[in-house]
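I am opening a notebook on a structure that is new to me, and I mean to write down what I looked up in the order in which I looked.

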Amino acid sequence: MNPEDLKTYLDRIITNNLKISTMIWGAPGIGKSSIIAQIAVNHQLEFIDIRLSQLAPTDLRGLPVAENGVSKWFPPEFLPQQGRGILFLDEINMAPPAMQGMAQQLILDRRVGSYLVPDGWFVWAAGNRKEDRAGVFDMPAPLANRFLHLQVEPDFESFKAYALGHSVHEQIIAFLSFRPSLLHKIDPHQPAWCSPRSWMMASNLHYSGLDLAPAIGLAANAEFQAFLLTYQMLPDLASILAGKGRHISFPTEPSARYATTIGLTIQATADVDRAYHAFCWLTQVATAEWVQLYVSDLLGLMRSCGQLGNLVTLLDREPAIQKFLQDYRQLIAA
């Protein structure tokens, strides 16, 4: 499943209050931990992230303390005592077998020694796969059989939707729209390689005018720098957004077309008039696939800033684009 499918699935687990231990598998850097943290925020749940690989068995079970001649185990302070939340065991299969064995009771019985997980808490975990060059241990069959297992894969459309809403640099989004296969690409010969996580770092570097190679690797950075040359071929976006693009042509180079369409989307955000002018221009000079790219990205941004209704009202007044709107009426109304 892609990240959006994963969110939907986990949302329904919480909505239906299914206290079934859940294991999320996926390549490193695709945002598994971030997704879980965001779900906790959306449902107003507490969130505790435990890295079992950094703990010893006694760290999880607690320390023995003598009381009236009897040894009692005092649980660690990081385990929840009350309330509602998600107890997240990240990188669980990087923990050695002894630690995984200690976690087994927590996952199945919701307890370790005398400690009991409060009723309002979900116990979830995540881990990487051996094929992703992750230093992991095999998960024992008895432990694996105590989980639901969800597989998540990197997905560009999910990443783009997130990136558009979190101020990722326009040129990063345009480049990955042109080269989506570079969203996640492990290079076994370099410590730096492409992933959604490293592209987020690259965006911050690019805003600061710094080299992106330390985040995404030399090869991907070379492609990105070559892509930036296409910005010399872009039409005057400011004129288009101001409604003065009647005599401006759509670029012929595919990379410049992606850069133009993404640039119009981002620069039109939260301004209904600018978005309207860009829409009208694209319907006049570009084929339907480029208008669709613009619309599909713009709708989510306009919805998030509360301007979607105003945009639809403007578009309904323009006879020239009514035919196109009929094909996407259901999308706009969603």
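This is a predicted model: local features need pLDDT of at least 70, side-chain atom pairs count only at pLDDT 80 or more; totals for chains, interfaces and linings use all residues.

**Entry 1, overview.** Before counting anything I noted what is counted: helices are DSSP runs of H or I with at least four residues, strands are DSSP runs of E with at least two, and both are numbered from the N terminus. With that settled, I found 17 helices and 9 strands in the protein. I then looked up how much of the chain is covered, and buried residues make up 47% of the 334 residues. I also checked how far apart in sequence the contacting residues lie: among contacts between residues at least 6 apart, 69% join residues at least 24 apart.

**Entry 2, the sheet.** In what order do the strands of the open sheet run? I read the order as β2-β5-β8-β1-β9, which makes 5 strands, and the pairing is parallel. At the edges I found β2 (46–51) and β9 (148–151), each of which has a single partner strand, so one side of each is left without a neighbour in the sheet. On average, neighbouring strands of this sheet are turned by 20° against each other, direction ignored.

I followed β5 (residues 85–90) next, and its parallel pairing with β2 runs over 6 bridges. Two of the bridge partners I noted are Leu87 for Ile48 and Leu89 for Ile50. With strand β8 (residues 121–127), β5 pairs in the parallel sense over 5 bridges, and here Leu89 stands opposite Ala125.

Is β5 mostly covered or mostly exposed? I found it mostly covered, since 6 of its 6 residues are buried. As background, I reminded myself that side chains in a regular strand alternate between the two faces of the sheet. In β5, Gly85, Leu87 and Leu89 lie on one side and Ile86, Phe88 and Asp90 on the other, and both of these sets are buried.

I counted 7 salt bridges in the structure. One of them joins Asp90 to Arg51, with the closest N and O atoms 3.4 Å apart. Asp90 belongs to strand β5 and Arg51 to strand β2, so that the pair, 39 residues apart, links distant parts of the chain. How do the two compare in burial? Asp90 has 4% relative accessibility and therefore counts as buried, whereas Arg51, at 27%, counts as partly exposed. I also noted that this pair belongs to a network of salt bridges that links Asp49, Arg51, Asp90 and Glu91.

Glu157 counts as partly exposed because its relative accessibility is 48%, while Lys160 is buried, with a relative accessible area of 2%.

Which other residue does Lys160 form a salt bridge with? I found Asp297, with the closest N and O atoms 3.1 Å apart. Lys160 lies in helix α6 and Asp297 in helix α14 (residues 288–304), so this pair ties together parts that are 137 residues apart in sequence. Both Lys160 and Asp297 are buried.

Leu293 counts as buried because its relative accessibility is 15%, below the cut-off of 20%. Leaving aside its neighbours within four places in sequence, Leu293 is in contact with Lys160, Tyr258 and Thr261. For Thr261 I wrote down two separations from Leu293, namely 32 residues in sequence and 7.5 Å in space, C-alpha to C-alpha.

Last, I looked at how helix α7 (residues 170–178) is placed against helix α8 (residues 196–207): their axes come within 9 Å and cross at roughly 135°. The two helices are therefore oblique to each other. On the α7 side I listed Gln171, Ile172, Phe175 and Leu176, which meet Trp199, Ala202, Ser203 and His206 in α8. Sorted by class, this contact has 5 nonpolar, 3 polar and no charged residues.

Notes:
Residues are numbered from 1 along each chain as its sequence is written. Side-chain values use heavy atoms; hydrogens and water are left out. Axes are lines fitted to C-alpha atoms, for helices over the stretch in contact, and angles run from 0 to 180 degrees between N-to-C directions. Angles under 35 degrees count as roughly parallel, over 145 as roughly antiparallel, 65 to 115 as roughly perpendicular and the rest as oblique. Contact means heavy atoms within 4.5 Å. Ala, Val, Leu, Ile, Met, Phe, Trp, Tyr, Cys and Pro count as nonpolar, Asp, Glu, Lys and Arg as charged, and the others, Gly among them, as polar. Two strands pair if DSSP finds at least two bridges between them. A salt bridge is a side-chain nitrogen of Lys or Arg within 4 Å of a carboxyl oxygen of Asp or Glu. Buried means under 20% relative accessible area, exposed over 50%, partly exposed in between (1.4 Å probe, protein chains only).
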